[in-house]
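Work through the exercises below with the sequence and the model at hand. Each task is followed by a solution in steps.

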Amino acid sequence: MIVFKFWGVVLLLLLLALTIGGCQARSELSQLAMIVGVGLDTDRENGLSLTVELAHQQLSNEPGQSVTFTVSGRSLEELEEELGRRLDKEPSWSNAVSLVIGAELAMRGGIDQVMTAVYQDDRFNPGLLLMVAEDRAEGALNSKFGESEYTAQGLAEALHQQARRNGSKPLTVADYLGKRLAGSGPVELPLLAVQDGQLLFAGTAAIGAAKAPALYAYE
Amino acid sequence: MGSRPELPHHISASVDENIAAIRSCVAKSLDIGVRRFLLGNGQAAAAFFVDGLVDKDVAGRDVFSRMQQAERKEPWSIAEIESSLLSTGSVQQCDDFAEMMAAVLQGLLALFVEGDTRVLLIELISFQQRSVSEPGTDVVIRGPREGFVESLRINVSMLRRKIHHPDFVAETVRLGRYSQTDISLVYVSSIVNRDVLHELKQRLRRIDIDAILDSGQVEQLIQDTPYSLFPTIGIAEKPDIAAARMLEGRVALLVDGSPIALTAPMLFVEGLQSPEDYYTRFYYASWVRIIRFMAFAISIYMPGFFLAATVHHQQIIPFKLLLSMAAGEAKTPFSIGLSLLLIGVVFEILREAGVRLPKPAGQAVSIVGAIVMGNAAVEANLISASVLIVLAITVVASFVSATYMDASTLLRMIFLLLGWWLGLTGLLLGTLVLLIYLCSLNSFGVAFFTPLGPLDLQGLKDMALRFPLWLLKFRPARLSNNRRRMGDFREDK
């Protein structure tokens, strides 16, 4: 009887610890809005603008189709709250493969703070690839990239293929922050441009130069 | 409730008194036969037997006829009848009334003669019984096909035919106040672990129950941990399995009326081994064993892991698969966890119905249930295809180890709930608790999780992998003190 009581108390404490620790947080697949790509821009009124490319899973029996949503806010938290309200579903960030930064935001500086916030948020994929749009990230994510079903996925696959050919690896958010912390000067990111509604790689952009960040011209 | 008449202690010298005593004990039983007759010299005699258990043709020819024709003036004594008149094989004398009654109720024929206070117990047992056939489980492609039957004698003889050695011992005890069931402890005296044998006898001695109708009852009454998820006593439906285990140092327990032998002690790996592993080549046997271990893990973890991945850790699912699963889930009214629970219960019902029904109907129910109902449920958007596939794989995997089917069913539900509630953290915690639990189990003083816990390097040669037979020179540790079972014939070459 004493043994039963002992193990009962141990079990109760364990369950309590796990429950309070938040391990039980869960979400049903059908209630998730699966985000494939993320775009960040400046916004005149609110400061920041977030564009997300969603995998439109409700229509997945038909050919793939992506949907984008854009919201604006003063901080990342505010953007996320607003996005949740718009989507009526819980945003799932773990499948996001590309993070596109708009040119204005990239040049304005302070991007390191955003990158750090993304890096520290364990809901994001650690392999999230970083790139810069020649114009706005919103425009880039609303464009088609080749034959890809989802623009963000197509971009990520293209970068991986390119890296395999060059014997290098594509730049992730973690790599970017690592280089910035090492203080080895500006970090070169892939540059995206839109031509006739099609998205393409237009060269590289150096972010985080000693003075104002500068965009390299087409290579 | 009528009170039981007091039995005389000894056999009376008067045949009439003996018959009166017997009738007072078993007056209303239609199947009790008492036959009076006279020997050749006019001496009164009587036979007492249970109709249906005694071969009356043999009794008439070899007992009654010979005694009635025995020409002699002096009265016959029981000892003289045994030595001069009877030619039947198994005969014994007895002077205790209760012992005589018990023997007759077991199927022996009791023979009294006037003037002698002893009785002859003659074994002429003959009753309808099932012939030796291949059992439903432990089916093999290569290896012996015969299975145990309900007769204890036949079962012991089947084991004896496997082990022709003087060290083969079959001790019998009788259990069950009313059933008086014979139970044989069969072992090889030079190999058996004496401590285990002693403990087994102690536990059998402690049993005081109305009836033992099957070995399953004995198993529950003597096992180490009555509330254990895992069985700590092995079962064998075939004599080659029981003999192989006896030759590793275990004791086989045969119960009269049961075609399933118990073997003790039991190790965890036993449940994932098959006799065929030793009859086929080692690389194939090892491959099949790995499959069995994997199937056991799948049968426990798969629904829990699936649920943990879909509701807690979507990032570990490949994107395209996730999309397809999400599309399927969006159409169903139930959550994935609830679907898994509900369909899991439906599968259990179908399995139970398939087993209990007559074979043709059972097969039809299984096929209709699994294919038609499953397909219809997916098409009607009651459940998603992914849930059905996961459960189907799990159920099929659970059939691989019949020994642990009940344990895996319960563990599957536990891990399903843990995965649902806590995700992979829950599965990890559950696994740790399960490992601790497995390491804590004992079977008659032998660690159940041997050779993994405690570690036995020799034993690992016959676990997930089955090494070549010539390398399995030692019996499993702790099962026998006489560990070496094979010479070095390979090295001699």
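**Exercise 1. The sheet**

Task: find which residue stands opposite B:Gly33 in strand 2 of chain B, then describe the sheet around this pair.

Solution. Step 1: the residue of strand 2 of chain B that stands opposite B:Gly33 is B:Phe49. The model is predicted: local features need pLDDT of at least 70, side-chain atom pairs count only at pLDDT 80 or more, and totals for chains, interfaces and linings use all residues. Residues are numbered from 1 along each chain as its sequence is written, while chains are lettered from A and ligands numbered from 1 in the order in which they are written.

Step 1: strand 1 of chain B and strand 2 (residues 44–50) of chain B run antiparallel and are joined by 7 bridges. Strands (E, at least two residues) and helices (H or I, at least four) are DSSP runs numbered from the N terminus; two strands pair if DSSP finds at least two bridges between them.

Step 2: the open sheet has 5 strands in the order 1-2-4-5-3 (chain B), paired antiparallel. Its edge strands, each pairing on one side only, are strand 1 (32–38) and strand 3 (91–94) of chain B. On average, neighbouring strands are turned by 20 degrees against each other, direction ignored.

Step 3: helix 1 (residues 15–26) of chain B packs on the sheet and touches strand 1, strand 2 and strand 4 (109–113) of chain B; its direction makes about 20 degrees with that of strand 2 of chain B. Helix 3 (residues 78–85) of chain B also packs on the sheet, touching strand 3, strand 4 and strand 5 (119–122) of chain B, with a direction at about 35 degrees to that of strand 5 of chain B. Axes here are lines fitted to C-alpha atoms, for helices over the stretch in contact, and angles run from 0 to 180 degrees between N-to-C directions. Contact means that C-beta atoms, placed from the backbone, lie within 7 Å.

**Exercise 2. The interface**

Task: state how many residues of chain B are in contact with chain A, and where they come from.

Solution. Step 1: 20 residues of chain B are in contact with 19 residues of chain A. Step 2: helix 9 (282–311), helix 10 (319–330) and helix 14 (405–422) of chain B each supply at least two residues of the chain B side. Step 3: helix 10 of chain B gives the largest share, 9 residues.

**Exercise 3. Backbone exceptions**

Solution. B:Pro265 sits in the loop between strand 10 (261–264) and helix 9 of chain B.

Step 1: B:Phe444 counts as buried because it has 24 C-beta neighbours inside 10 Å; the cut-offs are 20 or more other C-beta atoms within 10 Å for buried, 12 or fewer for exposed, and partly exposed in between.

Step 2: B:Arg478 lies in the loop between strand 12 and helix 16 of chain B, and counts as buried with 21 C-beta neighbours inside 10 Å.

Terms used: Contact = placed C-beta atoms within 7 Å.
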